[in-house]
Amino acid sequence: MAEKKLLLGDEAVALGAIRAGLSGVYAYPGTPSTEITEFIQKYAPAIRSRWCTNEKTAMEAALGMSYAGKRALVCMKHVGMNVCADAFVNSAITGVEGGLVVLAADDPSMHSSQNEQDSRFYGKFAMVPIFEPSCQQEAYDMIGKAFELSERVKLPVLFRVVTRLAHSRAAVEVGEERAQNEFRPANDRGWVLLPAIARRKYAELIDKQKDILDESERAAAIEGEGKLGIIACGIGYNYVKEAAPKASILKINQYPIPQSAVRYLAARCSKILVVEDGQPVVEQDVRALLGVDYKVAGRLTGALPRTGELTPDSVAAALGIKPSEALAEAQCLAPRPPQLCPGCGHRDVYKALNEVAAEFPGARIFGDIGCYTLGALPPFSALASCVDMGASITMAKGAADAGLFPAIAVIGDSTFTHSGMTGLLDAVNDHANITVIISDNLTTAMTGGQDSAGTSKFEAICLGLGVEPEHLHVVVPLPANMPEITRILREEINYKGVSVIIPRRECLQTLKRHKK
């Protein structure tokens, strides 16, 4: 009798990877992908796993494991694809030895992200196969198929999930566990991307495109007999089945798009609606494939919302079906923006910063990615910017170069080691007039309290990067220490060079767990 488990979409991916003979998982925590690595760490501790400093190092470590013949999984949220893009795109040129799956968890509607980018574009750009499950069972089944395809075509595979799938639960039927690959380091010199070799490998990648397309064609399925054709991608399939169960539906879970299947659907239907959660990736491809005279509707035409995640009601509306009253009532609810926890050390940091910054006309505080980004909201309203991981230090430097004074950067401990260290080195080398606050709560708090790569190393890192010892300070952010903290802030703001202040106090949430 088959075993069934109630799993999050993320957990289904994780268990599927474990059962597929996974040897290593490499990741940087980022919602909605974090639970995949946490599940593997908890339920398969023998599998090599440690949180990486950033997504690029994770991708490169996984590529190294693949080079040795083992199956490796890389996990990140969609903006992490920007960080690992150099290694990811080049891995399509080197190819792989052991199966390599790169999981990107996209966040339509920006529930916990700064943009809505669609990772499928990265798969198209790198010209690698892409998988996109529509439910938890497919997430479990497809991760094993992704590893198999990766080893068959000798390419990395991009595996895309979205927030709604990653963070919802369903019963999943699970199978037997496959043994891990044998150790077999690659002997192909194609891993050395000198131009002469890279040109040959790129030609090989182009030659593989037909095989990849054939795989997508075999995976495509058309159901129903309606006159309206619907192309349903990933989780969008569920919304279509709820709104129009009898329509002619081409379900797409694998890319590049199955061109023959699309043409077959177009031949039997007078119009096609493309339902995809994210950006109009497939809609653009279908338009190009069928030509301007064929009617294709979707996000580009306004039939579906251009932004945000899809819902059964938005798909129903595109089909001329009235949305439910329950949705309209839900939209009337007052929003509840997140806040820093009561007693959080970041609160004391912002209180001190606001007090001192008020003494300097024109002061700007440049923020970064983390739970301390909430300092941009009332009651602190402290931050002038928050763009991407590590941008606080380099933006403060650029603003100082332009004449802004004082230019203050606030960055968290995990973000500093992720992407802030190189910016600090730039600032030191250029003798920038900035003050850097590394707000250290001894964990990666925003994503649930994972280990922070630089814990107990920040003073040494800053000194190694060239920060002068007399302008490096560690303080404890507590109300009782406010006079000392504000004094140090004033002195270092007035210093014409790079200063680093490290307020250090453990996150209250991880402290509670440690006490238990």
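Colleague: How many salt bridges does the count come to?

Modeller: In this predicted model, the count comes to 33 salt bridges.

Colleague: Why is the contact of Arg 169 with Glu 11 called a salt bridge?

Modeller: The N to O distance between these side chains is 3.2 Å. The cut-off is 4 Å between a side-chain nitrogen of Lys or Arg and a carboxyl oxygen of Asp or Glu, so the pair qualifies.

Colleague: What makes Glu 11 buried?

Modeller: Its relative accessible area is 15%. Buried means under 20%, so Glu 11 is classed as buried.

Colleague: Which parts does the pair of Glu 151 and Arg 71 tie together?

Modeller: The closest N and O atoms of Glu 151 and Arg 71 are 3.0 Å apart, in a salt bridge. Glu 151 belongs to helix H6 and Arg 71 to strand S4, so the pair links parts that are 80 residues apart in sequence. Both Glu 151 and Arg 71 are buried.

Colleague: Why is Glu 459 called partly exposed?

Modeller: Glu 459 has a relative accessible area of 24%. Glu 459 forms a salt bridge with Arg 504, with the closest N and O atoms 3.1 Å apart.

Colleague: Which residues are linked in a network of salt bridges?

Modeller: The network links Asp 106, Asp 118, Arg 120, Glu 132, Arg 160 and Glu 276.

Note on methods: Residues are numbered from 1 along each chain as its sequence is written. This is a predicted model: local features need pLDDT of at least 70, side-chain atom pairs count only at pLDDT 80 or more; totals for chains, interfaces and linings use all residues. Side-chain values use heavy atoms; hydrogens and water are left out. Buried means under 20% relative accessible area, exposed over 50%, partly exposed in between (1.4 Å probe, protein chains only). Helices (H or I, at least four residues) and strands (E, at least two) are DSSP runs, numbered from the N terminus.
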